Amino acid sequence: MKKLITLLFILGFSLTYCQNKSINLNLKKDRNSWEKLTYDLGNMAGGMGYAYTRPLHWKKKQFAEFGYVAAGTAALYTIDDNVDTWANGWRNDVPRWLTNYGNDIGSPNNNFMLTGAVYLTGLFTDDPKLRRTGVLLISSAAASGLLQQISKRIIGRARPRVDVGKSSFDPFHIDRVFNYDSFPSGHTMLGFTNAYAIAKNFDSPWVKAGLYTIGSLPGIARIIDRFHWISDVAFSTAISIFIVEAIDRFLDTKYDEKYNDKRKQKKVAWDLQVTPQSFGVTMNF
């Protein structure tokens, strides 16, 4: 079931751009395709480097935004145990196929299967927009994946399923310590990175909201299965947005297809709301 959903998601996204177009799969154009591939690979690496070095160029606004994320994460940290306990009352009622899908779609293997399929479709059909989207997907996923792997080893936070509490850490290990690799959430970062990058291709707020919902499933599944705390997931989601936005701006200098022109007119605002009785993230178009 989950493999079928993934396959349909890939095909549906690709066909959105291929319909009503003359598709040419002329693989005899090896030189042109090879040149495009090598150019794109260079931009993938360049995008990762650009994302990692952005904090060195941050100004007051960017530091303020990161401060909001840090403050929101700290606020959620105070209720991590409460959320985990609260979830005990309903986690067994969640359909298993849904959590399995969330876990699988956020895994590295399935992630790069999706991103690779989007990129290759754009390359071989000579669709510049789809090809650029594939570059954005792959470079964003690679940047977030590498970042979370290093962070896990440095921070060493215990997972909820260990039952030692939210404040238990075993930091600074070269190798990951099993069950002490909770922060940040790799599944959340990979899943939401894909959704956020793909959503840039659509104007409709309803389509964007639908994609963001799908991209949130890995984080929700990891909370349900007690792999991550709510603060892990929230922070990872925010970092995913930072990475995609940074790499997108870098790619604006490399490709004719741009998504930022529309963003200047219509922005997406994210707000974190935390009260003693509830918590949530709101999105305003």
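These questions and answers walk through a predicted model of one protein chain.

Student: Of the 285 residues of the protein chain, what percentage count as buried?
Tutor: A residue is buried when its relative accessible area is under 20%. The protein chain exposes about 15,100 Å², and carbon and sulfur atoms supply 62% of that. Of the 285 residues, the buried share is 45%.

Student: Among contacts between residues at least 6 apart in sequence, what percentage join residues at least 24 apart?
Tutor: Take the contacts in the protein chain between residues at least 6 apart in sequence. Keep those whose partners are at least 24 apart. The share is 73%.

Student: Where do the buried residues of α4 sit around the axis, on the same side or on opposite sides?
Tutor: Helix α4 spans residues 80–87, and its buried residues are Asp80, Val83, Asp84 and Ala87. They cover an arc of only 100° around the axis, so they lie on the same side of α4. An α-helix has 3.6 residues a turn, so residues three or four places apart point the same way. The answer is the same side.

Student: What is the relation of α6 to α7, roughly antiparallel or roughly parallel?
Tutor: Two packed helices are described by the angle between their axes and the distance between the axes. The axes of α6 (residues 108–124) and α7 (residues 128–155) come within 7 Å and cross at roughly 155°. The cut-off for roughly antiparallel is over 145 degrees. α6 and α7 are therefore roughly antiparallel.

Student: Is the crossing of α6 and α7 left-handed or right-handed?
Tutor: Residues on the α6 side of the contact include Phe112, Val118, Tyr119 and Leu123. On the α7 side, they include Leu130, Leu137, Ile138 and Ala141. The crossing is left-handed.

Student: How do α8 and α10 pack, oblique or roughly parallel?
Tutor: The axes of α8 and α10 (residues 230–252) are 8 Å apart, at an angle of about 45°. That angle makes α8 oblique to α10. The contact involves Met189, Phe192 and Tyr196 of α8, among others, and residues of α10 including Val233, Ile239 and Val244. The crossing is right-handed, and the packing is oblique.

Student: What is the peptide bond from phenylalanine 183 to proline 184, cis or trans?
Tutor: Proline 184 is in the loop between α7 and α8. Most peptide bonds are trans. Here omega is near -5°, and the bond is cis.

Student: What is phi of aspartate 163?
Tutor: Aspartate 163 is in the loop between α7 and α8. Its relative accessible area is 57%, which means aspartate 163 is exposed. Most residues other than glycine have a negative phi. Aspartate 163 has a positive phi, near 60°.

Student: Where does aspartate 126 lie, and what is its phi?
Tutor: Aspartate 126 lies in the loop between α6 and α7. Aspartate 126 is not a glycine, yet its phi is positive. The value is about 55°.

Student: Which residues is valine 164 in contact with, leaving aside its neighbours within four places in sequence?
Tutor: Valine 164 lies in the loop between α7 and α8. Valine 164 is partly exposed, at 42% relative accessible area. Its contacts beyond those neighbours are Ala158 and Tyr180.

Student: What C-alpha distance separates arginine 153 and aspartate 181?
Tutor: Arginine 153 is in helix α7 and counts as partly exposed, at 23% relative accessibility. Beyond its neighbours within four places, its contacts include Pro171, Phe172 and His173. Aspartate 181 is 28 residues away in sequence. The C-alpha distance is 6.8 Å.

Student: What distance separates the C-alpha atoms of glycine 46 and isoleucine 247?
Tutor: Glycine 46 lies in helix α2 (residues 30–53). At 24% relative accessibility, glycine 46 is partly exposed. Isoleucine 247 is 201 residues away along the chain. The separation is 8.6 Å.

How values were computed
Residues are numbered from 1 along each chain as its sequence is written. This is a predicted model: local features need pLDDT of at least 70, side-chain atom pairs count only at pLDDT 80 or more; totals for chains, interfaces and linings use all residues. Side-chain values use heavy atoms; hydrogens and water are left out. Buried means under 20% relative accessible area, exposed over 50%, partly exposed in between (1.4 Å probe, protein chains only). Helices (H or I, at least four residues) and strands (E, at least two) are DSSP runs, numbered from the N terminus. The arc is that of the directions from the helix axis to the C-beta atoms. Contact means heavy atoms within 4.5 Å. Accessible areas come from the Shrake-Rupley method with a 1.4 Å probe; for residues, only the protein chains shown count as cover. Axes are lines fitted to C-alpha atoms, for helices over the stretch in contact, and angles run from 0 to 180 degrees between N-to-C directions. Angles under 35 degrees count as roughly parallel, over 145 as roughly antiparallel, 65 to 115 as roughly perpendicular and the rest as oblique. A crossing is left-handed if the near helix is turned anticlockwise from the far one by less than a right angle, and right-handed if clockwise.
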